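Thank you all for coming.

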Amino acid sequence: MEYINSTIERTTVQLEKADFESDQMVKWCPGCGAHAILAAVERVFPRLGYKKENFCLVSGIGCSSRFPYYVNTYGIHGIHGRALPIATGIKVANPHLSVWVATGDGDSLAIGGNHFIHTIRRNVDLNIMLFNNEIYGLTKGQYSPTTPMNTVTKSSPHGTIEHPFNIGELVMGAQGTFFARVPDNDLTMMTEAMFEAAKHDGASIVEILQNCIIFADKAHFGITSKENRDDHMCVVIDGQPILFGHNKEKGLRLNGTELEVVELGNNNITIDDILVHDRYNPDPWIHMMLAKLGPPHFPKVFGVIRSAMFPTYDDLVEEKIRLGQKDAPIKKMDHLFKSGDTWEIK
Amino acid sequence: MTKFNRPVEERESVVVKFVGDSGDGMQFAGGLFSDSAAFAGNDLATFPDFPSEIRAPQNTIPGVSGFQVHMGSAKIYTTGDLCDVIVVMNPASLRANLKWAKVGATLLVDSDAFDEKAIEKAGYTSNPLEDNSLAKYNLIKAPITTLTKEGLKDLGVEPKTAARSKNMFALGMLYFIFNRPLKPSFKFFDAKFKKDPTLARINKIVLEAGYNYADTIEAIASVIQVSAAKLPPGRYRNITGNVATAWGLLAAAEKSKRPLFLGSYPITPASEILMELAKHKSLGAKVFQAEDEIAGICSAIGASYAGLMACTTTSGPGLSLKSEAIGLAVMTELPLVIVDVQRGGPSTGLPTKSEQSDLMQALFGRNGECPVIVIAASSSDNCFYYAYMAAKLSMEHMTPCILLTDGYLGFGSALFRDPRMVNMPPIHPPVAKPNDSTYKPYKRNPETLVRDWAIPGTEGLRHRIGGLEKENITGTVSTDPLNHQRMTELRAEKVARVANYIPEQEIDGPKKGELLVVSWGGTFGAVHSAVQQMQQEGKKISHAHFHYINPLPKNTEKILKGFKKILVCELNAGQFVNYLRMSFTLPNIHQFNKVQGLPFMINELTDKFNQLLEEK
């Protein structure tokens with residue numbers, strides 16, 4: 001249990017993983033990446049130290065969205081695409097809850113795309129776990145807004161002809177304050193990112209590259225598999241130079257307004273030439289560049305890419321109400337009835 | 001002042017309409033005129049009649065904006081069919097509104113606005129003020145624009161700026177005609193233009209100039225007196241239906257001790273509820289202007305789950321967008337008030353006009369078997385009460401409630417006697433107690449079939465709900481066939497049992513007889529007035545006006561079966577009538593429908609009633 005500065009009431013006893021296990025049978029396919037995400041959540045919740053009644057899980061529709069049934073907290077399984085407005089209503093209603101959203105690339109970026117950008121723009125203090133498997137699983141294999149160009153799926157038998165979203169780019173385009181990217185095959189990195197998301201005041205998006213074993217198996221393996229990860233995954237750590245490669249021999253350098261991959265020792269490149277990660281930078285420009293990087297010429301960037309401090313929507317709601325109530329002549333309905341232009345008839 | 005040199009003509013009720021270009025300030029002048037009627041103790045109802053465009057091209061028919069006031073010394077039920085006085089600020093507004101003038105009505109016209117170009121733009125071939133086409137009316141031609149400019153010359157006001165106050169000149173003339181004092185308006189100007197005393201001064205000067213000018217013209221042969229109405233004692237205000245709705249919701253939140261949450265997206269004619277609630281932060285109202293209609297209702301569902309008194313407000317097209325989410329609230333059995341301020345449809349339809357054509361949508365417009373409580377307000381002022389009842393029934397019965405009002409009620413205003421909270425009915429939401437070891441998400445109160453409201457953050461009540469069908473009592477996900485049938489029946493029966501908690505249907509007139517006129521919602525005023533008129537003529541006619549639509553009051557069938565003929569009057573193609581047909585066997589039920597975006601006129605109703613009474 002670690003201390004987090006928040007208004008959420010804390011537990012007096014150390015909670016365990018078991019405190020959050022539900023009695024429901026987990027019905028995801030064996031080998032689905034969602035199992036690992038569930039395991040990460042069961043690790044993070046006790047560590048946060050909040051009372052178990054103060055967690056609330058919200059979801060929309062899709063494989064990811066069965067999540068609330070599998071965690072023993074308060075939870076609501078909503079309708080397709082609408083997890084974020086439901087979660088916003090909960091958080092605004094009661095800012096003293098730790099509200100988590102489980103959603104997928106279809107749920108959040110297609111049918112719920114509008115809510116996604118506006119929730120981020122408002123900076124509602126929600127922890128959003130976006131399961132990105134680049135496919136519609138529950139409806140059995142149609143392409144999603146993150147399916148790479150020219151992918152053959154059940155609804156694109158001749159290859160997709162749509163440009164996919166890069167989730168990080170979308171988050172930052174919508175003025176997001178927190179973005180992390182993690183693979184579903186690294187429990188520690190997932191757990192850390194979720195913990196950081198919970199610590200962050202504002203809309204925290206954790207993109208989880210999740211494997212759908214049935215309809216898009218190994219979609220992320222070109223980057224996240226054991227044999228590929230050293231050269232294609234670049235994990236950023238705040239305050240440290242951005243390095244990758246088997247022996248951390250490669251790094252990212254800012255050259256003018258662009259990032260480039262350099263090798264330490266080549267052309268007199270030293271560690272001092274490498275870009276140092278600053279996840280708290282309010283200016284999102286470098287975060288945006290980092291989020292957009294990817295194969296074939298660049299590694300894909302993982303870890304907490306951005307966590308900038310801005311006021312949250314739910315705090316501002318409380319603040320406006322507090323100011324509104326201060327010295328207000330109308331404190332209850334009977335005062336309102338007496339206010340304004342009225343006249344008495346005897 | 002020499003007005004008492006003129007004869008005073010006493011009238012029981014008068015309808016006055018201000019019409020002009022969208023930018024002519026007709027809403028402002030009409031609002032002030034209705035305030036003056038209220039100060040004089042009249043009962044009154046008002047209705048703004050404006051285009052959906054903010055500023056359509058000047059001097060065209062689409063750009064005409066109007067404001068109608070019906071004031072009287074007796075109870076006023078409608079905003080009035082035909083006008084006794086019309087203030088006309090340009091040719092287009094004359095052309096668009098002459099059909100609403102009574103024969104002999106006073107037309108107070110700004111003759112300066114009738115130049116060749118404006119006359120042509122309005123579609124006239126000759127100047128109607130000069131070609132004798134208005135001979136049937138009492139035409140008062142006044143060079144209002146010129147006189148307004150002249151009146152402000154000494155103040156050094158630019159003529160173009162000065163002309164903007166011409167609405168106040170016309171209002172001043174009306175104050176003279178109706179023998180109203182100027183002082184209350186002066187006070188209003190001082191308050192409104194506190195930061196710009198020059199503006200207050202301009203308005204005062206012009207208002208008074210109009211008043212004095214009216215005194216000099218012979219065309220005003222008499223002064224009209226509308227005496228104070230005999231209203232029950234109390235503190236009164238003039239309130240629009242939308243503001244009354246907002247206040248009803250706030251009152252229910254206070255009474256239930258569940259703070260209010262509104263998730264809403266702006267839409268005509270419902271936006272005023274959102275704007276009104278947004279003002280009341282000091283009452284703890286949390287107002288969320290969402291990115292769309294769906295986010296509006298979904299945020300409200302989230303807030304309801306979290307224990308707040310949640311509402312969403314919209315109009316027909318928005319209700320369509322909310323359908324799926326209403327289903328979620330039905331399935332999760334959460335309280336939620338959905339206000340639909342109906343407008344002309346389908347699709348975008350007639351945004352600023354009124355209709356009752358969302359009834360079937362409210363009752364049935366969702367996938368699956370998806371019953372909700374449906375109630376309807378019938379006057380601008382009782383929107384307060386029915387909004388309160390919508391919240392009360394929704395919370396106490398843990399199910400969504402749709403409150404139907406309409407553009408006519410929402411935009412219109414009526415006198416509202418301020419209530420006191422102590423007199424409002426109690427509200428007891430079934431909130432589950434912390435650490436209640438017997439708590440189950442779908443365990444029900446045997447009498448009402450209502451489940452408990454277990455609010456996140458409460459110790460010992462963690463649970464999951466959602467849109468998937470759940471097992472009764474335990475609330476675990478279930479696709480069991482018999483359980484689904486059982487849950488479907490329980491949800492329906494729970495709503496049906498609300499009938500035990502609403503008043504019986506009242507009937508105006510004999511309880512049995514020849515003809516029962518049935519109406520619901522915003523048509524009350526017109527239908528009531530028409531029935532009353534016929535009853536006074538000795539006709540055998542009764543009236544049942546419904547506020548509770550689903551469930552219907554328990555005595556509905558009994559009432560309907562007491563009459564040889566039933567006539568259901570509504571502003572749609574026949575929705576309530578078909579709802580009654582599917583609910584009861586009624587061989588003698590007739591319908592009278594109007595779908596013009598306009599309210600019923602009393603004479604078209606009485607014509608229809610007479611026709612039915614005469615047919616054998």
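This is a predicted model: local features need pLDDT of at least 70, side-chain atom pairs count only at pLDDT 80 or more; totals for chains, interfaces and linings use all residues.

Let me start with an open sheet of seven strands in chain B, whose order is β11-β10-β12-β13-β15-β14-β20 with mixed pairing; strands here are DSSP runs of E of at least two residues, and helices are runs of H or I of at least four, both numbered from the N terminus, while two strands pair if DSSP finds at least two bridges between them. At the edges stand β11 (286-289) and β20 (548-550) of chain B, each with a single partner strand, so one side of each is left without a neighbour in the sheet. Neighbouring strands of this sheet are turned on average by 20° against each other, direction ignored, with axes taken as lines fitted to C-alpha atoms, for helices over the stretch in contact, and angles running from 0 to 180 degrees between N-to-C directions.

Residues are numbered from 1 along each chain as its sequence is written, and chains are lettered from A and ligands numbered from 1 in the order in which they are written.

Across β12 (309-314), β13 (336-342), β14 (373-376) and β15 (400-406) of chain B lies helix α14 (383-397) of chain B, which runs at about 165° to β15(B).

Now to the interface, where 58 residues of chain B are in contact with 50 residues of chain A, contact meaning that the C-beta atoms, placed from the backbone, lie within 7 Å. Among the elements of chain B that give two or more residues to this side are β10 and β11, but α11(B) gives the most, with nine residues.

Finally, the whole chain: the secondary structure of chain B comes to 20 helices and 22 strands, and its C-alpha trace spans about 80 × 65 × 45 Å along its principal axes.

Note on methods. Two residues are in contact if their C-beta atoms, placed from the backbone, lie within 7 Å.
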